[in-house]
Amino acid sequence: MSELQRLVWAGKLNLQIQLDPHLVLSDFKGSDEGPMHLLTVNIQVPRDSYLVLFLPHIVQKLERQLRMNLNDYYQGWWFEMENVCIPWNFPIGAVYDSLTGLNPQTRASNFERDRLNVWKLNLRHGKQPPSGFLPIHNGLEQIRELWMHQWKQACFVLNGNSKVVMSFSKPDTLSFWNSVLHRDLDSFTSIRQKILPAKNAAKSIPVRIHLALPDVRLVEPVCNAHDNQRELELQDLLAREFPEWFAIRENSLNLAMPVVQGIKVPINIPLWTLHQQLSSFDGFLHISLCLIAENDTE
Amino acid sequence: MSQILESESDGGSSSISESSVVPENQFTMQDELEQYAKKLDFLRLDGDEEPLKEMSLSSADLQESNGNIKTKEVPTFKAPMTTSVILTHLTPAGDAAIKHVISKEQQHPVKLHIKFQAIGAVPQVSPQTAQISSSQPFSVLITFLKKKLKVATVHCYVNNSFSPAPQQSVGDLWMHFKVKDELIVNYCKGVAFG
């Protein structure tokens, strides 16, 4: 396991989560004594994890101010950034990189007042979550199942079938999930290694590309690990999928940049290497595409 | 005469230098106005699609008669406001590129073949194969099966292996996992592959 993998696994995001005022007891809304801190939760979460795993922790902190009684810390809740719903079934770091455009200059002007980079989100609750948002009706178990199926899908892409994951023993399956919950990289890696094929045996590479503009969407292209016995590089994939933004060969200017785990990655790296080093806890390599502004290119 | 010309050219050059004094990398009021103008521009693009959208909504019921799954327009999700600010700061090439991406999307998606296979006691739907547009999310297939089978829940799997996230596009799944140009969707009343 490389130092890079350790650093990435330890990567964190600072969040400031503001409770929807509609959900607050009127006692807390009326007072002038700055009740804002009662309606806000500041939290640091791992980049490479699902944000909803922290819902119980966040909601518990706000529970006393809520106007309704809760019997489920997962059901009916969702997060928004400027009224845009945050999908929960992707690593939160990848969603952050694409939704904020991870453009250092734009970001600097937005967050000048803050000493830290803080991502401001709103926490909402309702019977009808926004369209496109996967409703959570079965709490942690549903999250675990979805994550497991993501791994099966990634395994299918890598090996041509899902047999390795499907034949995991019960204890292995459990300790795999627990390693995610308890952020135990060693135990996570030891099970992940069983799923990954040997270097030249990989059929294709599970890649997901997140875009925010012109609209928020996910692209899951087919990436064969090799193209005519040459290893497929990130730039080959980007030039094929997004010829508008990426030139086929070096030396001409690209109009967007690929960001993985919050890192602007060079485009001439083989995808297999990128997957080895920077893939997420769900088995996929999540790439966020960020457009480059005029003043960034100077 | 030459003086007048000179002063004119002076005036011209001074105004140029004035405008170039304005720092380019600051977000000014004008930027914001431009951003709104641009947003409106995009909205108008969407507006053109409106009548089409309504037509497809009226026939939106999932019907199967010829194995052709009719569906609603795929919803699009707008980026947060502060993220789309960048649209006003793209290079001319970047601007042209994003317009090209948008226009490409308005082309018609292709129809793909899906094959449904029942697992266990659940009845086999007929016809067994169906066609669906590549841009639709997987959830449309789940909804389709639920209506056909008249059940509240159905568990769907691709290639007897995994169940994809409902938002994932059928086109991407088909490209990855097709068998003889068909995406095989296995379905079951209970959990088959946990």
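## The sheet of chain B

In this predicted model, four strands of chain B form an open sheet in the order β2-β1-β4-β3, with mixed pairing; two strands are taken to pair if DSSP finds at least two bridges between them, and the elements themselves are DSSP runs numbered from the N terminus, helices being H or I of at least four residues and strands E of at least two. The edge strands are β2 and β3 of chain B, each of which pairs on one side only, and neighbouring strands of this sheet are turned by 35 degrees against each other on average, direction ignored. Between β1(B) and strand β4 (residues 182-188) of chain B, which run parallel, there are six bridges, and I114(B) stands opposite L183(B) in β4(B).

Two helices accompany the sheet. α5(B) packs on the sheet, where it touches β1, β2, β3 and β4 of chain B, and its direction makes about 130 degrees with that of β3(B); α6(B) lies across β1, β2, β3 and β4 of chain B and runs at about 105 degrees to β4(B). Axes here are lines fitted to C-alpha atoms, for helices over the stretch in contact, and angles run from 0 to 180 degrees between N-to-C directions.

## The contact between chains A and B

Chain B brings 40 residues to the contact and chain A brings 40 residues, where two residues are in contact if their C-beta atoms, placed from the backbone, lie within 7 Å. On the side of chain B that touches chain A, α3 (81-84), α4 (92-105) and α6 (170-177) of chain B each supply at least two residues, and α4(B) gives the most, with seven residues. The residues of this side of chain B divide into 23 nonpolar, 14 polar and three charged, with Ala, Val, Leu, Ile, Met, Phe, Trp, Tyr, Cys and Pro counted as nonpolar, Asp, Glu, Lys and Arg as charged, and the others, Gly among them, as polar.

## L291(A) and its surroundings

L291(A) lies in strand β12 (residues 285-291) of chain A and counts as buried because it has 26 C-beta neighbours inside 10 Å; a residue is buried if 20 or more other C-beta atoms, placed from the backbone, lie within 10 Å of its own, exposed if 12 or fewer, and partly exposed in between. Apart from neighbours within four places in sequence, L291(A) is in contact with residues of both chains, including L213(A), L255(A), I86(B) and L90(B). The C-alpha atoms of L291(A) and A256(A) are separated by 4.1 Å, although these residues are 35 residues apart along the chain.

## Backbone details

Most residues other than glycine have a negative phi, and most peptide bonds are trans. A cis peptide bond joins L213(A) and P214(A), with omega about 0 degrees, and P214(A) is placed in the loop between β6 (207-211) and β7 (217-219) of chain A. In chain B, a cis peptide bond joins S126(B) and P127(B), again with omega about 0 degrees.

E82(A), which is not a glycine, has a positive phi of about 45 degrees and is partly exposed, with 15 other C-beta atoms within 10 Å. For K150(B), phi is near 55 degrees, and this residue counts as exposed, with 6 C-beta neighbours inside 10 Å.

## Basis of the description

Residues are numbered from 1 along each chain as its sequence is written, while chains are lettered from A and ligands numbered from 1 in the order in which they are written. Because the model is predicted, local features need pLDDT of at least 70 and side-chain atom pairs count only at pLDDT 80 or more, whereas totals for chains, interfaces and linings use all residues.
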